[in-house]
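Reader: I would like a close look at one part of this model, followed by an account of how the rest is arranged around that part.

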Amino acid sequence: MYGLFLRHFYLITRSFPRVLDLVYWPTIQITLWGFISNFFATHTTYYNNAVGVILTCAILYDFLFRTSIGFNMLFLEEIWSRNFTNLFIAPMKIGEILTSLVATALIRALIGLIPAVLLTSPLFGISILDLGIFLFFLFLSLYLFGITLGILVSAGLLRYGPSFENIAWSTMFLLAPFGCIYYPIEILPEVFQKIAYLLPLVYIFEEARNILINQTVDIQNIYYAFLWNGVYFVLSIVLFYYSFNVAKNKGTLINMGE
Amino acid sequence: MKNLVEVKNIKKNYGKNEAVKGISFNIKEDEILGLLGPNGSGKTTTIGMLLGLLKPTSGEILINGQKLEGNRIEILEQINFISPYIELPKKLTVKQNLTVYGKLYKINNINERIEFLSEKLRLGGLLNGITGELSSGQKNRVSLAKALINEPKVLLLDEPTASLDPEVGDFVRSFLEDYKKEKKISILLASHNMNEVTRLCKSILMMKDGIIIDKGNPEELINKHGRKNLEEVFLKLSRSKNELN
């Protein structure tokens, strides 16, 4: 019995991502649900005139989640199936690998999104299409951020190997409290607000709520969402190339499948 | 015969650890070069550098006259690799896997190529089978088909017959001999199977602690070290101090 305990104890203590994983989930859950509870306790009438707002935001967030996780899954599946080395010895440029993953992640996300959108109308009498033409821009912005996160996580997998896998699953949840998905940014403490404003998510979800509740459009929110998306996207590409070079020096590409 | 592979004084350091300490060798066309050495001798690191998966700390690699550094994509079109430590996606059928790699290697007539390889490697009845459900011997032949999908000029083989039964192992060796002769390709064979190396290789490199400690053809090495077979030579060199520096 002690031996089995030791086996897992050694495993946990030898891997920082595993330790982080243990601390991370309770912290994130408490933070996210703390802000949500706080918001509903103090703003009971906020959503009175727009019952579909929460559901619309949930669908938008799920699209982001599916895009990001979908991208990570494409990369992880190559590691799990021990096909990783085969791919990296094929005559493909890094740009070609990224482009194909980006396109495949979109298809995966759309396959998940379409049934969700279709179900909300008959089940809850709500249509996400109420967001009008701006829905396209919000989805595009979420897609860009989703694949950016996917590329960042893939860069981590290249750099650190499969032990980075846990981080791959948790990036979206880390950002959720700052993304202001279900509550306005004002509910966050000031320090958190400053962090949130550096992410495209807050502009996207604030704008979704603005369109649905106030029936107006603030182009500036959409502009800032794309601006930050552009910054993070470029950063993620640079980091991916950097990680590829580090992996070539450290030998991670060879050991990845083992 | 021209050299298809030229390795010039390559070194690879992982921090302070010197995995490969400056080795040089060539592989001619229509030649199988055996790469022998105990675990941790630097064989996999050397193969990794030849595949462009590892950047040498110093030195130069030329494939078919082109420097690997700066021409990675063009060179990867001309080489391929097989190892028991890497696999093809298990859920795909054999044909789907070969088609995927045919596309990745930009092969024009993929179906014709698959048909040719399936005939040569006895894959006919397996093409529609799920790759993950195949036996070790069948998977090995499929991996070999993938490795030959681009008609490589240079083939790198890491333990190509490990875990195969004698019949399949013999089939793979015969196939490699015939294919090499027919296509005049260069093959680097890393193996711990001394009978296999004796049969396939006219020249051998013995590696230990990141350097080449001896080289020659199997018969020469056996006579030089006064042993009965290559396995005994391998054991002697593995246990002795480095002979060549």
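This is a predicted model: local features need pLDDT of at least 70, side-chain atom pairs count only at pLDDT 80 or more; totals for chains, interfaces and linings use all residues.

Author: Residues are numbered from 1 along each chain as its sequence is written, and chains are lettered from A and ligands numbered from 1 in the order in which they are written.

Helix H6 of chain B covers residues 166-183. Helices (H or I, at least four residues) and strands (E, at least two) are DSSP runs, numbered from the N terminus. The 18 residues of H6(B) should span 26 Å at 1.5 Å a residue, and the end C-alpha atoms are 25 Å apart, which agrees; the expected span is 1.5 Å times one less than the number of residues.

Chain B as a whole has nine helices and ten strands. Its radius of gyration is 18 Å, close to the 18 Å that the globule rule gives for 245 residues, so chain B is as compact as a globular protein of that length. That radius is taken over C-alpha atoms, and the rule is 2.2 Å times the number of residues to the power 0.38. Along the principal axes, the C-alpha atoms of chain B fill a box of roughly 50 × 40 × 35 Å.

One open sheet in chain B has six strands in the order S6-S7-S8-S3-S9-S10, with mixed pairing. Two strands pair if DSSP finds at least two bridges between them. Strands S6 (79-82) and S10 (211-216) of chain B stand at the edges with a single partner strand each, so one side of each is left without a neighbour in the sheet. From one strand to the next the twist averages 20°. Axes here are lines fitted to C-alpha atoms, for helices over the stretch in contact, and angles run from 0 to 180 degrees between N-to-C directions.

S6(B) and strand S7 (residues 154-158) of chain B run parallel and are joined by four bridges; B:Asn80 has B:Leu155 in S7(B) as its bridge partner. Helix H5 (residues 136-148) of chain B packs on this sheet, touching S6 and S7 of chain B, and its direction makes about 165° with that of S6(B). Contact between two residues means that their C-beta atoms, placed from the backbone, lie within 7 Å.

Another open sheet of chain B has four strands in the order S2-S1-S4-S5, with antiparallel pairing. Its edge strands are S2 (17-28) and S5 (66-67) of chain B, each pairing on one side only. Two bridges join S4 (residues 58-63) of chain B to S5(B), and B:Leu62 stands opposite B:Lys67 in S5(B). Helix H1 (residues 43-50) of chain B lies across S1 (3-14), S2 and S4 of chain B, at about 60° to S2(B).

Chain A, by contrast, has eleven helices and zero strands. Where the chains meet, 19 residues of chain A are in contact with 20 residues of chain B. On the side of chain A that touches chain B, helices H4 (84-88), H10 (219-250) and H11 (252-255) of chain A each supply at least two residues.
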